[in-house]
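Q: Could you walk me through this structure, taking the general idea behind each feature before the particular case?

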Amino acid sequence: MDKAGIMNNSLNTAVIVKLEPDFSEGNVSYNADGTLNRAETKSILGPHSAVASSAAFYAKVKYDARVSVGTMGPPIADFALQQAQAICDADELHLYSDRIFAGADTLATAEVLKTGISKMENGKKIDIVFSGHRASDGETGQTGPQTAWKLGYTFLGNVIDYDVDIERRLIRAKRLITLQGFYDIIEEVEAQLPVFITIDPSYKPFFRTILQRLAFVKYKKEAINRAQDYKRYLKIFNAQQLGVDLKFVGLPGSPTIVYKVEKIPKAKASRKAEIVDGSDSEQIRKVVTRIHEVLGGMIIK
Amino acid sequence: MINTPTTTSSNEGNYYQHLYVVIEHEEGKIIPVSLEMLGEARRLMDDFNKKYSSQEKVVAVVLGNNVRKLCDELILYGADAVIYAESPELQYFRNLVHTKVISQIAKDKKCVAKFSLDYDAEKFRKPRYMFFAADNIGRHLSSTVLAELESGLASDINKLVIEDLEIRHEHKTKGQPIKYNKTLEMYRPDFSGFLWTTILCLDNRNPSIERDYHPQACSIIPGVFQPLKQDTSRSGIVVDYAPILEEKDLKLRILNRKIIKSAVDFDNRKAIISFGRGIKDSPEENIKLIEELAKELDAEIGISLPVSKKPYTVSESINSRYIIPDRVIGTSGRKVMPLLYIAAGISGAMQHVMGMKESEFVIAINPDENSPIKDECDVFIKGRIEDIIPKIIKELREQKILMEIRK
């Protein structure tokens with residue numbers, strides 16, 4: 001159903017994703033010293049990006065939302081866009097790709113993504129932007145909130161559930177807060193659109209009504225079809241086409257640099273281990289006796 | 001031209017001074033990582049002031065409602081000064097309004113004038129360094145504050161050093177050697193736990209893109225640094241700050257907050273068994289073995305960070321129960337200290353060890369005697385999970401029967 005014309009009844013969403021090393025067995029390759037062998041490891045849509053895509057799909061099913069997906073990366077990052085489209089049935093895919101962007105830190109990356117998001121849906125305002133909780137390779141978790149701040153959007157982190165009141169342009173969301181040495185908290189918040197959401201890894205969308213389940217099936221099918229033909233939906237932007245200020249992107253726009261990378265030196269042995277030959281039953285028996293002692297002679301249930 | 005290193009001008013201008021530590025608290029109590037950050041800040045700035053004959057301060061920044069009493073406590077734990085912003089709007093953490101207030105404070109000259117009497121505070125632009133906690137609150141807060149302050153941020157840091165460095169960088173210095181004094185070296189372990197990356201936040205001194213990047217900021221992993229012992233002889237200044245809040249900063253309302261118990265309970269169990277990539281030859285079966293052993297010992301089950309990335313194909317029930325971030329032990333997850341810790345098929349990357357090293361008694365099961373976990377355990381059982389754990393289970397059951405008979 002086309003709801004164009006009634007501006008306030010539509011919902012425009014975007015997802016920011018990332019192409020990351022595939023950590024699954026058979027695809028990931030480690031060097032002998034335990035570090036990642038990047039050359040031998042395949043790349044896929046990051047797992048947290050996939051969760052963010054499923055959160056956007058929820059908006060598609062439930063609110064008939066439009067979905068755009070964007071990523072910054074090399075030309076092969078279009079693979080991440082294709083995989084995301086298969087999850088969220090995106091109407092539009094954006095790849096921001098330029099050699100100038102290489103080596104960007106999170107602030108310079110956020111600058112590109114902010115500019116890209118402003119070009120989605122022909123420049124119409126995006127109501128909700130989703131991103132993953134963090135990338136599984138860089139693991140900073142900074143790019144999402146920094147993009148949110150540059151967009152001037154209210155930022156909601158660690159979201160595990162959300163619903164939108166489209167008429168009133170309000171979102172209600174549940175956030176998971178875990179703090180060192182404290183209990184966990186689920187916080188329920190309400191905010192005016194637009195918002196920027198990072199999705200908690202524990203997020204799982206639920207479709208409660210029959211209508212939603214029917215829409216789910218329909219759009220899922222559409223998503224698979226679209227993803228097979230993803231290039232039709234793909235727009236590629238270089239720095240010039242995006243119109244970014246070159247001082248604020250790539251290396252020149254990055255406050256931080258990687259100064260050095262080293263192997264973490266082996267810490268001084270903090271314990272002196274007794275070596276036990278696992279094939280010797282008598283030695284295992286002694287270990288088990290030790291376990292009893294350690295656990296305070298408690299009767300093991 | 002002679003390539004003698006030139007020194008950055010911003011350092012000479014005294015525009016950037018002091019180390020600001022953003023404090024987190026919950027229900028009137030300081031979150032431990034905040035005191036850990038203060039401890040490290042104190043150590044760094046004591047050395048700094050000695051080395052550079054200066055008097056730069058460790059400044060704690062507290063936002064809240066009716067928590068002024070925390071300020072005195074922070075001084076006893078190492079702060080020279082505390083900037084305290086109070087408002088009912090700051091009762092609970094909200095990213096938008098907290099980012100606004102912290103950014104205001106970071107640029108406020110008047111605050112600086114109150115605690116740094118010997119320094120011409122008119123020159124002050126922003127802090128030299130800034131610390132945040134790498135937890136659910138500080139991670140996001142540090143990102144948005146540094147986006148507002150337009151400077152650099154390194155996340156998940158576990159080692160800090162202040163050095164005078166000579167840098168030659170394609171962009172930062174246009175290939176010329178330039179001396180960057182008082183540079184904060186920020187060390188972060190990578191996801192594998194085997195590599196350490198040092199991040200620097202440097203002003204652009206390349207004439208074509210010249211730009212100051214201060215503060216040099218980072219988020220710090222909870223549980224890494226030692227807090228100082230509370231010292232009641234310490235004194236300091238509390239500066240009250242009246243935050244300027246606009247209607248548009250209050251767009252987010254907290255409707256309710258519910259305390260929940262995590263399904264994973266590491267704190268109330270005497271034993272924890274964790275598994276890592278050593279399950280790889282038969283993941284499903286090995287996890288079931290670990291499950292069985294955990295039942296025998298009434299233990300909770302943990303995992304290593306690499307396993308949380310779901311590298312193996314296992315059944316959905318195993319997947320949703322065990323391969324979840326909540327179970328990760330280490331700097332990216334929880335810190336545990338049970339009486340008994342069994343590390344099954346875990347190599348012992350630093351990032352994992354940080355989360356379990358305070359356990360009372362540690363048993364490692366690993367076929368590789370050279371793996372770092374050997375130096376972190378009391379008993380090292382050489383062998384694979386699938387061979388060793390059934391033996392332990394069998395032995396536990398036999399000894400249990402014996403104990404029953406003896407009763």
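Q: Which residue is the bridge partner of A:Phe130 in strand 10 of chain A?
A: Strands of a sheet pair through backbone hydrogen bonds, either parallel or antiparallel. In this predicted model, the bridge partner of A:Phe130 in strand 10 of chain A is A:Ile197. Helices (H or I, at least four residues) and strands (E, at least two) are DSSP runs, numbered from the N terminus, and two strands pair if DSSP finds at least two bridges between them. Strand 6 (residues 128–131) of chain A pairs with strand 10 of chain A in the parallel sense, over four bridges.

Q: How many bridges join strand 7 of chain A to strand 10 of chain A?
A: Strand 7 (residues 154–165) of chain A runs parallel to strand 10 of chain A, and four bridges join them; A:Val159 stands opposite A:Ile199 in strand 10 of chain A.

Q: Are the faces of strand 10 of chain A covered or uncovered?
A: A residue is buried if 20 or more other C-beta atoms lie within 10 Å of its own, exposed if 12 or fewer, and partly exposed in between, with C-beta atoms placed from the backbone. Five of the five residues of strand 10 (residues 195–199) of chain A are buried, and both of its faces are covered, with A:Val195, A:Ile197 and A:Ile199 on one side and A:Phe196 and A:Thr198 on the other.

Q: What do the buried residues of helix 4 of chain A pack against?
A: Nine of the nine residues of helix 4 of chain A are buried, so this helix is largely enclosed by the rest of the structure. Its buried residues, among them A:Pro145 and A:Trp149, pack against strand 1 (12–16), helix 3, strand 6, strand 7 and strand 10 of chain A, together with helix 6 (138–149) of chain B. Helix 4 of chain A is followed by A:Gly152, whose phi is positive, near 80°.

Q: At what angle do helix 3 and helix 4 of chain A cross?
A: Two packed helices are described by the angle between their axes and the distance between the axes. The axes of helix 3 (residues 106–117) and helix 4 (residues 143–151) of chain A come within 8 Å and cross at roughly 50°; axes are lines fitted to C-alpha atoms, for helices over the stretch in contact, and angles run from 0 to 180 degrees between N-to-C directions. The two helices are therefore oblique to each other, given that angles under 35 degrees count as roughly parallel, over 145 as roughly antiparallel, 65 to 115 as roughly perpendicular and the rest as oblique.

Q: Which residues make that contact?
A: Two residues are in contact if their C-beta atoms, placed from the backbone, lie within 7 Å. The contributors include A:Leu107 and A:Leu113 of helix 3 of chain A and A:Gln146 and A:Leu151 of helix 4 of chain A.

Q: In what order do the seven strands of the open sheet in chain B lie?
A: The order is 8-12-7-2-5-6-13, and the pairing is parallel. Strand 8 (153–157) and strand 13 (237–241) of chain B are the edge strands, each pairing on one side only.

How values were computed. Residues numbered from 1 in each chain as written. Chains lettered and ligands numbered in written order. Predicted model: local features only at pLDDT ≥ 70, side-chain atom pairs only at ≥ 80, totals over all residues.
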